[in-house]
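Visitor: I am new to reading protein models. Could you walk me through this one, question by question?

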Amino acid sequence: MKRLLCSVVLLAALVAGCSLHVWYLSHKTQSLSMQLEQAGEAVQQGDWETAYDLTQNAWKNWENQMFYLHTTLHHDDIDGVSTAFQEALAILEQREQPGEYAAANARILYQLELLVEAELPSLQNIL
């Protein structure tokens, strides 16, 4: 009986830990996504400085989470988001091509969405 109880407690702890991880990752990526969406709107309005500040702030927030992200996620996924951030910041520094920035920004948003989707418990992720 003790083995069964220990197994159930361990399983419950794993489910709780996984749920907390998905919630935390979802919360962080939503926060970053909101900043990036605001930056995209700023570029559309021609406010490159605000867009740069918002994207730079989102990058710093992303960078502050690196230890946690490298501990819990695939490194290739994290590197892809980081590369897309650097690309978007480089485009913002040029302040010339809003369409190119929109594409880079959309790439970051999509990659952030995929990070959370990959962590959700689903049949597709299990198989």
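Visitor: Is Arg 95 buried, partly exposed or exposed?
Guide: This is a predicted model, where local features need pLDDT of at least 70, side-chain atom pairs count only at pLDDT 80 or more, and totals for chains, interfaces and linings use all residues. Residues are numbered from 1 along each chain as its sequence is written, and side-chain values use heavy atoms, with hydrogens and water left out. Buried means under 20% relative accessible area, exposed means over 50%, and partly exposed is in between (1.4 Å probe, protein chains only). Arg 95 has 39% relative accessibility, so the class of Arg 95 is partly exposed.

Visitor: Where does Arg 95 lie?
Guide: Start with the backbone: phi of Arg 95 is near 55°, a positive value in a residue other than glycine. Helices (H or I, at least four residues) and strands (E, at least two) are DSSP runs, numbered from the N terminus. Arg 95 belongs to the loop between α4 and α5.

Visitor: How many helices and strands are there in the protein?
Guide: Read the elements from the N terminus on: they run α-α-α-α-α-α. The count is six helices and zero strands.

Visitor: What is the radius of gyration of the protein?
Guide: The radius is taken over C-alpha atoms, and the globule rule is 2.2 Å times the number of residues to the power 0.38. For 127 residues that rule gives 14 Å, and the protein is well over it, so it is more spread out than a compact globule. The C-alpha atoms fill a box of roughly 70 × 25 × 20 Å along the principal axes. The radius of gyration is 18 Å.

Visitor: Which residues is Ile 108 in contact with, leaving aside neighbours within four places in sequence?
Guide: Contact means heavy atoms within 4.5 Å. Ile 108 is among the core residues that touch the most other members. The partners of Ile 108 are Leu 36, Val 81, Ala 84, Phe 85 and Ala 88.

Visitor: Is Ser 82 buried or exposed?
Guide: Ser 82 is part of helix α4. Beyond four places in sequence, Ser 82 contacts Trp 59, Trp 62 and Met 66. The relative accessible area of Ser 82 is 12%, so Ser 82 is buried.

Visitor: Which residues is Thr 29 in contact with, leaving aside neighbours within four places in sequence?
Guide: Thr 29 sits in helix α1. Thr 29 counts as buried because its relative accessibility is 6%. The partners of Thr 29 are Leu 112 and Val 116.

Visitor: Which residues does Gln 35 touch, not counting residues up to four places away in sequence?
Guide: Gln 35 is also found in helix α1. Its relative accessible area is 12%, so Gln 35 is buried. Gln 35 and Gln 56 are 21 residues apart in sequence, with 9.7 Å from C-alpha to C-alpha. The residues that Gln 35 touches are Leu 54, Asn 57, Ala 58 and Asn 61.

Visitor: How far apart in space are Glu 41 and Ala 51, C-alpha to C-alpha?
Guide: Glu 41 has its place in helix α1. Glu 41 counts as partly exposed because its relative accessibility is 47%. Along the sequence, Glu 41 and Ala 51 are 10 residues apart, and in space their C-alpha separation is 8.0 Å.

Visitor: What separates the C-alpha atoms of Arg 107 and Phe 85?
Guide: Arg 107 is in helix α5. At 34% relative accessibility, Arg 107 is partly exposed. Arg 107 and Phe 85 are 22 residues apart along the chain, and their C-alpha atoms are separated by 9.0 Å.

Technical notes:
Core = buried A, V, L, I, M, F, W, Y, C linked by side-chain atoms within 4.5 Å.
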